[in-house]
Amino acid sequence: MSAGADGGGAAAALSREGSPAKDGFVPSALGTREHWDAVYERELQTFQEYGDTGEIWFGEESMNRLIKWMQKHKIPLDASVLDIGTGNGVFLVELAKFGFSNITGIDYSPSAIQLSGNIIEKEGLSNINLKVEDFLNLSTKLSGFHICIDKGTFDAISLNPDNAFEKRKQYVKSLSSVLRVKGFFLITSCNWTKEELLNEFSEGFELFEELPTPKFTFGGRSGNSVAALVFQKS
């Protein structure tokens, strides 16, 4: 069930239907908690029956890209890392295998966290923290992270039928509250371009680096189906 390349699988389903404005994208069930609860209930059952871990958001290449960036910039292995909307927790597993020892995954779906826990247990890992947590309505216990990572969660929030514009603004506020000053935010998106993400995160964050993503060519024009940026909290 894993997506083999950037933008594949479920991530591709989040791709844009028009350009974002104040009112955001065309509303979709993909932006609702009910949808993701149902998705992870199914994936949990599939894992319990067949051992299938489920979707790898944006593919293995996206995980490797982020980990390579962390290694390139010599992020300490004990740096605190938060995976926002961790889903099945597969990225947490990869971080742990590379030696990162202070990692936390949150998701608002209890089934996602249960699935993550089962996968982590199967991998024989114990140094991963999991929390059922709505990033738009955070517990005050989450703060001071060196690194925050988002692979598709901001995309999904952008499709929420219930005032997605305000939810995007709340996302930025929550991010600012959990990430320490000079900390890094790594976001991978199939809905937003680099320029649009710069606008969305213009308050309190500065672009640190744009990560390379696969390019496509169509009709003589080339572009990227995925944007991957690193912001630093100012």
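**Figure 1. Glu 123 is partly exposed, with a relative accessibility of 37%.** This close-up, like the others, comes from a predicted model. The value of 37% lies between the cut-offs of 20% and 50%, so Glu 123 counts as partly exposed. Glu 123 forms a salt bridge with Lys 97. The closest N and O atoms of this pair are 3.3 Å apart. The model holds six salt bridges by the rule used here.

**Figure 2. Asp 162 and Lys 167 meet in a salt bridge.** The contact is made by their side chains. From N to O, the distance is 3.7 Å. That is within the 4 Å cut-off, so the pair counts as a salt bridge. Lys 167 has a relative accessibility of 22%. Its value is over the 20% limit for buried residues, so Lys 167 counts as partly exposed.

**Figure 3. A salt bridge joins Glu 210 and Lys 194.** Their closest N and O atoms are 3.3 Å apart. Glu 210 lies in strand S6 (residues 205-210) and Lys 194 in helix H8 (residues 194-200), so this pair links parts that are 16 residues apart in sequence. How exposed is Glu 210? Its relative accessible area is 43%, so Glu 210 is partly exposed. Lys 194 is also partly exposed, at 26%.

**Figure 4. Asp 150 is a buried residue in strand S4.** The strand covers residues 145-151. Asp 150 has a relative accessible area of 1%, which is under the 20% cut-off, so Asp 150 counts as buried. Which residues touch Asp 150, leaving aside its neighbours within four places in sequence? They are Ile 84, Tyr 171, Phe 185, Leu 186, Ile 187 and Thr 188. With Tyr 171, Asp 150 makes a side-chain polar contact of 2.4 Å. Phe 185 is 35 residues away from Asp 150 in sequence. In space, the C-alpha atoms of Asp 150 and Phe 185 are 7.8 Å apart.

Figure 5. The protein averages a pLDDT of 85, and 82% of the residues score at least 70. Where pLDDT is low, predicted coordinates should not be read in detail.

How values were computed. Residues numbered from 1 in each chain as written. Predicted model: local features only at pLDDT ≥ 70, side-chain atom pairs only at ≥ 80, totals over all residues. Heavy atoms only, no water. Buried < 20%, exposed > 50% of the residue type's maximum accessible area, 1.4 Å probe, protein only. Helix = DSSP H or I, 4+ residues; strand = E, 2+ residues; numbered from the N terminus. Contact = heavy atoms within 4.5 Å. Polar contact = N/O pair within 3.5 Å; in protein donor to acceptor, adjacent residues only side chain to side chain. pLDDT = per-residue confidence, 0-100.
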